[in-house]
Amino acid sequence: SAARGPAMTRRSVLLLPVWLLLACTSSHDLGQGPSPMAGGVYREALRPGLHYVFVKSNVAPWTDREAVVRKWRDEADRLCGDAGHEDLRVEDRVEEEMPPMNAIVFRLPYLVSIRKGYALCASAGLSAQEALRIIDAWR
């Protein structure tokens, strides 16, 4: 109805600051299940010193690639420690999580930024080629 339209528009405008606060990365463990805002981190050790790391931002009407890259690096650093790591087959992308929301005179997309790939720890005792063979067999 026409009376409901302006109320929905006001609600959309009032929710925008909430979106601004939530549009970041999350430390939620996606291995334990989905998070309410879609974001989080999944990590899996293929073997000691070789880790698959997946980081997904919370849903937002814009992308935050830098935050996702930073979170991915932090996770790889945490998993590998001071010895450092080499990034293997890292991919960055943006996906639309749900259909866009109509807000006033424009449509707000529900986007997530994703970074996924493998961290080869210097302490693993593997060359990049050996690690890639393990990755190929794991996939």
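Are C80 and C121 buried or exposed? Select the two and look: both C80 and C121 are buried, where buried means under 20% relative accessible area, exposed over 50%, and partly exposed in between (1.4 Å probe, protein chains only).

A quick note before we go on. This is a predicted model, in which local features need pLDDT of at least 70, side-chain atom pairs count only at pLDDT 80 or more, and totals for chains, interfaces and linings use all residues. Residues are numbered from 1 along each chain as its sequence is written, and side-chain values use heavy atoms, with hydrogens and water left out.

**Stop 1: the cysteine pair.** Keep C80 and C121 selected and show their sulfurs. A disulfide joins them, S to S 2.0 Å (the cut-off for a disulfide is a pair of cysteine sulfur atoms within 2.5 Å). The pair ties together distant parts of the chain, with C80 in helix 2 and C121 in strand 4, 41 residues apart. The torsion about the S-S bond is about -75°, so this disulfide is left-handed. The structure holds one disulfide, so that's your lot.

**Stop 2: the whole chain.** Zoom out and switch to cartoon. You'll find three helices and four strands, running α-β-β-α-β-β-α from the N terminus on. Here helices (H or I, at least four residues) and strands (E, at least two) are DSSP runs, numbered from the N terminus. Of the 139 residues, 38% count as buried.

**Stop 3: helix 2.** Now select residues 65-80. The 16 residues of helix 2 should span 22 Å at 1.5 Å a residue, and the end C-alpha atoms are 22 Å apart, which agrees. (The expected span is 1.5 Å times one less than the number of residues.) Next, colour the buried residues of helix 2: A67, V68, V69, K71, W72, E75, A76 and C80. An α-helix has 3.6 residues a turn, so residues three or four places apart point the same way. What do the buried residues of helix 2 pack against? Show strand 1 (40-47), strand 2 (50-56), strand 3 (85-103) and strand 4 (106-121) to see their partners; contact means heavy atoms within 4.5 Å. Just after helix 2, click on G81, which takes a positive phi of about 75°.

**Stop 4: the loop.** Finally, pick V105, in the loop between strand 3 and strand 4. At 77% relative accessibility, V105 counts as exposed.
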